[in-house]
Amino acid sequence: MAPMAMTPESSGTTTPTTTASKLTEAGMKHASPTANGHASKLSPLDASLMTVELSKAPRSVPAPDSEETKAQKTCTDHMATARWTQEHGWEAPQLRPYGPLEIMPTASVLHYAVECFEGLKLYRGYDGKLRLFRVSRNCERMRRSAARIALPDFEPKELERMIVALCARDGAKWLPKERAGGFLYIRPTMIATDPALGVQRPREALLYVILACFPDMSKSLATPAPPAMQGQANGASNNSGLRLLASKEDTIRAWPGGFGYAKVGANYGPTLVAQGEAKARGFDQVLWLFDKEAYVTEAGASNFFVVMREPTSNKLQLITAPLEERIILEGITRASIIELVKERLSGTHSDLEAVEMVERRFTMSEVIDAAKDGRLVEAFAAGTAFFVAPVSLIHFRDKDLDVPMDGDSGKYARLIKKWLVDIMYGNVSHEWGVVVPEQQ
Ligand code: PLP
């Protein structure tokens with residue numbers, strides 16, 4: 001039976017009531033295995049039925065900074081899988097050796113991008129324990145993404161149990177206690193596997209979870225500008241913040257009525273051309289703008305935050321794009337920052353001025369005006385991969401906008417990052433840190 005990790009946060013009752021989640025409810029009902037009149041015959045996803053087949057060819061663990069780790073190709077010894085069919089619902093999940101999947105060339109994931117995924121990390125704490133961060137949120141978001149792309153419904157708690165079982169099995173070997181401060185990247189994925197070319201709701205699907213060795217991308221954010229670009233307007237300054245290239249009007253990541261709020265593969269492939277251009281010009285990521293007004297939405301695959309002084313009240317505000325239009329992903333890091341800032345920074349925090357947390361539309365012109373008036377304090381991107389990443393420059397319509405930094409980070413980004421590190425790596429005890437039991 002799958003090991004369990006339980007906290008108040010992971011008790012399966014914490015779905016945030018956002019507009020995005022309300023709007024996908026209908027989709028989830030439709031995708032549910034109980035929604036087509038065969039309720040009694042269809043099996044729900046049930047991690048307690050998980051069978052275990054251990055690998056007979058265990059592999060060696062690469063060093064954290066090795067080329068192998070940087071290549072992001074190495075996964076741990078096992079994976080967790082569960083097959084779904086329209087006729088029977090979910091089959092018993094399997095924990096089995098990591099290896100190739102067998103799907104037919106007609107599988108609809110290969111033609112119509114019928115897939116969704118998640119990204120989270122397994123952390124080796126400074127107290128020696130393995131932890132997940134708010135894993136129940138990822139499982140709930142995966143359920144919403146599945147609903148958007150016509151993949152089958154499941155109980156998020158059962159996916160959480162599959163993730164915990166895999167982490168418990170491979171964590172001790174692949175994230176040994178000597179590697180305190182290290183992590184593995186967890187990739188839950190669901191693909192439509194039915195071997196039929198018709199453009200239709202899938203009748204077969206595969207849910208799987210893999211654990212990958214990933215480099216610490218928050219350490220290597222500022223890619224040096226290519227030699228040809230150094231010292232030029234487009235090349236960037238030498239401090240360590242992210243340098244962002246603002247998207248042009250003809251390149252939009254997400255739009256109202258689309259699927260930008262869902263973690264579906266179809267949101268990522270089409271951004272690679274813009275991302276490649278940004279890299280070639282010496283920038284780290286694309287700052288995704290929307291509409292003629294140039295609303296600021298996200299930075300790369302991260303949410304974006306800016307600290308600015310409000311011109312009338314003169315109060316400091318931490319501003320991020322809202323969820324209502326469903327053109328940004330509801331990041332778990334974003335949600336955590338919003339909660340922590342409201343709780344800990346609405347009054348004065350030691351030597352930092354209080355900030356008001358604001359979720360609203362804001363434009364590049366507002367950011368530029370704030371910079372001109374000396375009201376722009378700092379900006380940062382936030383997400384699982386790049387963590388809390390200070391921004392030092394935004395290139396918008398042929399001009400560089402320098403974003404203030406305090407050394408290698410803004411002061412608010414530095415403090416928020418420390419709060420999150422402390423929870424993820426067990427420096428403080430917090431309900432968001434879900435301890436994983438280890439199997440030796
Ligand atoms: N925005 C996009 C488009 C993303 O892909 C991600 C990463 O999953 C995020 C934001 C940040 O989300 P999270 O904090 O859950 O990693």
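A residue is called buried when its relative accessible area is under 20%, exposed when over 50%, and partly exposed in between, as found with a 1.4 Å probe on protein chains only. This structure is a predicted model, in which local features need pLDDT of at least 70 and side-chain atom pairs count only at pLDDT 80 or more, while totals for chains, interfaces and linings use all residues. Residues are numbered from 1 along each chain as its sequence is written, and side-chain values use heavy atoms, with hydrogens and water left out.

**Lysine 263**
- K263 is located in the loop between strand 10 (242-246) and helix 6 (272-280); helices (H or I, at least four residues) and strands (E, at least two) are DSSP runs, numbered from the N terminus.
- Because its relative accessibility is 10%, K263 counts as buried.
- Setting aside residues up to four places away in sequence, K263 touches C116, F117, E118, G119, R141, S145, Y268 and L329, where contact means heavy atoms within 4.5 Å.

**Asparagine 267**
- N267 also belongs to the loop between strand 10 and helix 6, and N267 is buried, with a relative accessible area of 3%.
- Beyond its neighbours within four places in sequence, N267 is in contact with R253, F259, G260 and A262.
- The C-alpha atoms of N267 and A113 are 9.8 Å apart, although 154 residues separate the two along the chain.
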